[in-house]
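Subject: Structure handover

Hello,

Here is the structure you asked about. Please open it alongside this note. My findings follow below it.

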Amino acid sequence: MDVKTDVLIIGSGIAALQAALVLEKHFQIQIVTKSSLYMSSSYRAQGGIAAVTSEEDHIRHHIADTLKAGEYHHEKRHVKTLIKDGTEIMQNYLKDGLPVDRQVDGKPALGLEGAHSHHRILHAGGDRTGQIFIDYLLHKLSPKTKINCYEMAYELLRNTDGDCVGVLSKGEKGTKRYLAHHVILATGGAGALYSSTSNFPTNTGDGIALAFRAGAAISDMEFMQFHPSLLWCKNEAKGLVSEAVRGAGGIFVNAQHQPIMTGLHAQLDLAPRHITALALFTKRAAGEETFIDITNIHDFEEKFPTIAQLCHVHHVHLQDGLIPVAPGSHFLMGGVIADDKGKTTIPNLYAVGEVACTGVHGANRLASNSLLEGITFGQKMAQYIIQKGCHQKNFLLEKHQCADKMPPLFSKPQLQQHMMRFLGIVRNIDDLQHFAKQLPSLQSLSQVNLKGLELAELELFMMHVVATLMAHAAITRTETRGAHIRTDKPEMKSQWASRWIIFSQGQMEVRNSLYEYHQTRGNAQAIF
């Protein structure tokens with residue numbers, strides 16, 4: 001079945017909906033999403049949106065906090081765009097009636113989260129910010145934007161000129177072929193590659209795998225952020241306990257109520273996430289249980305209704321004052337290389353949100369910058385596409401040479417357990433190389449014919465593509481930086497400053513810039 005449209009958006013989180021809202025006034029829009037509209041990380045976001053909206057704060061402070069948290073591994077001009085333009089967009093949303101939580105005097109109630117120097121976190125419904133913002137955008141979206149749920153995109157289509165002109169998807173109605181002038185990847189991250197994660201099970205990095213197989217450039221795959229506080233019950237992660245809980249006065253403690261972060265960082269429990277996640281990981285590796293002490297937070301259930309309900313469902317008694325927590329995968333800083341307008345290295349293919357790598361998050365994302373990224377770059381991308389228009393005339397598809405059989409793969413639980421063990425919070429070269437040898441090669445993954453595979457098989461395949469990219473990137477970066485922690489290389493190395501590990505056209509290289517047009521000839525170093 002063929003579906004023709006002007007713009008195809010793959011994914012349905014905040015970046016996808018923000019783009020659709022701007023684009024639908026000019027073009028026909030089709031949205032394809034792997035699950036329901038309420039299974040995105042955006043919808044699940046508890047903490048809020050970081051934006052400068054008070055007189056006490058300033059854009060330069062937010063920029064400085066972002067750079068410091070990410071260990072200065074950034075595309076700085078994009079960080080400035082994110083903070084400056086994002087602040088303006090959020091101020092407009094506040095004027096338009098976005099229902100954020102407010103103080104008695106009517107001013108937005110601003111929260112504080114890890115590595116922020118000022119109270120600047122806008123939140124809604126206590127800890128239901130993502131849900132309320134997504135519902136707000138969906139309410140504004142017109143019925144003419146067609147939303148196709150429970151369809152998995154599994155192959156990008158390129159024409160004979162090399163432009164992206166569509167995608168193949170598989171769902172309840174079988175296989176569809178979408179043809180479009182512009183194709184947007186807004187598929188989210190890859191947290192579900194790990195056995196302990198804050199993400200929905202559907203967040204398996206599909207968009208990154210799609211782009212890699214189509215030949216698009218990918219970067220920063222070694223940088224997976226681990227959130228320190230996932231609700232931990234019966235040896236399983238049950239959901240997120242927002243950083244906003246610590247911003248409101250919660251502290252990390254052991255079973256004896258002794259503070260964990262004392263002496264480890266000046267910001268204590270609001271230190272950057274790689275600091276807090278490592279501290280809890282170390283305690284748990286030594287056999288200690290870890291908790292958030294909430295006894296200093298008044299009216300906890302009113303301030304954090306989602307977390308309170310989550311605790312109730314899993315029989316955690318809030319009156320005891322302790323919430324059991326453990327670290328887990330949360331946010332991938334890497335992804336498909338895109339600029340601030342979403343443009344990738346493939347013409348007419350765009351990437352926005354967590355699937356994209358724009359250099360704004362560095363080696364460790366600053367808390368609550370992700371929703372800001374979605375609305376800011378979602379809008380800038382849409383404005384660029386409107387300016388460019390729909391002029392594609394060549395829908396003659398290139399012929400595929402993919403004829404290889406599927407290489408041996410782990411089962412999904414096996415892969416998730418191996419990722420947690422070998423590519424988790426702390427890593428070492430022996431484990432990384434051992435794991436990489438068990439994974440399929442990038443070359444073999446590039447050539448597999450996906451025709452006829454069932455949805456579960458397609459998802460597992462995509463997971464292996466992303467895992468292999470992550471493993472090779474982690475082996476290559478021989479240092480510790482931000483969320484990338486190597487026990488055999490514990491120091492941050494000056495020679496790795498402003499160095500980017502890039503995958504493109506089946507190859508991997510280290511470059512001095514995220515963007516090839518910044519690259520001085522001869523600086524690229526081929527790895528294999």
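By salt bridge I mean a side-chain nitrogen of Lys or Arg within 4 Å of a carboxyl oxygen of Asp or Glu.

Is Arg-120 buried or exposed? Arg-120 has a relative accessible area of 0%, so it is buried. Asp-57 counts as buried too, at 6% relative accessibility. The cut-offs: buried is under 20% relative accessible area, exposed is over 50%, and partly exposed is in between (1.4 Å probe, protein chains only).

Before going on, some ground rules. This is a predicted model, in which local features need pLDDT of at least 70 and side-chain atom pairs count only at pLDDT 80 or more, while totals for chains, interfaces and linings use all residues. Residues are numbered from 1 along each chain as its sequence is written, and side-chain values use heavy atoms, with hydrogens and water left out.

How many salt bridges does the structure hold? The count is 21. Two further pairs are worth a look.

- Lys-283 and Glu-288: the closest N and O atoms are 3.8 Å apart. Lys-283 is partly exposed at 29%. Glu-288 is partly exposed, also with a relative accessible area of 29%.
- Lys-343 and Asp-339: the N to O distance is 3.8 Å. Lys-343 is partly exposed at 33%. Asp-339 is buried at 12%.

There is also a network. Lys-34, Asp-206, Lys-412 and Glu-459 are joined by salt bridges that share partners.

Now the sheet. Five strands form an open sheet with antiparallel pairing, in the order β12-β11-β15-β14-β13. Which strands stand at the edges? They are β12 (236–240) and β13 (251–254). Each has a single partner strand, so one side of each has no neighbour in the sheet. Neighbouring strands are turned by 55° against each other on average, direction ignored. (Axes are lines fitted to C-alpha atoms; angles run from 0 to 180 degrees between N-to-C directions.)

Strands here are DSSP runs (E, at least two residues), and helices are too (H or I, at least four), numbered from the N terminus. Two strands pair if DSSP finds at least two bridges between them. Strand β11 (residues 224–233) and β12 run antiparallel, joined by 3 bridges. Leu-230 stands opposite Leu-240 in β12.

Best wishes
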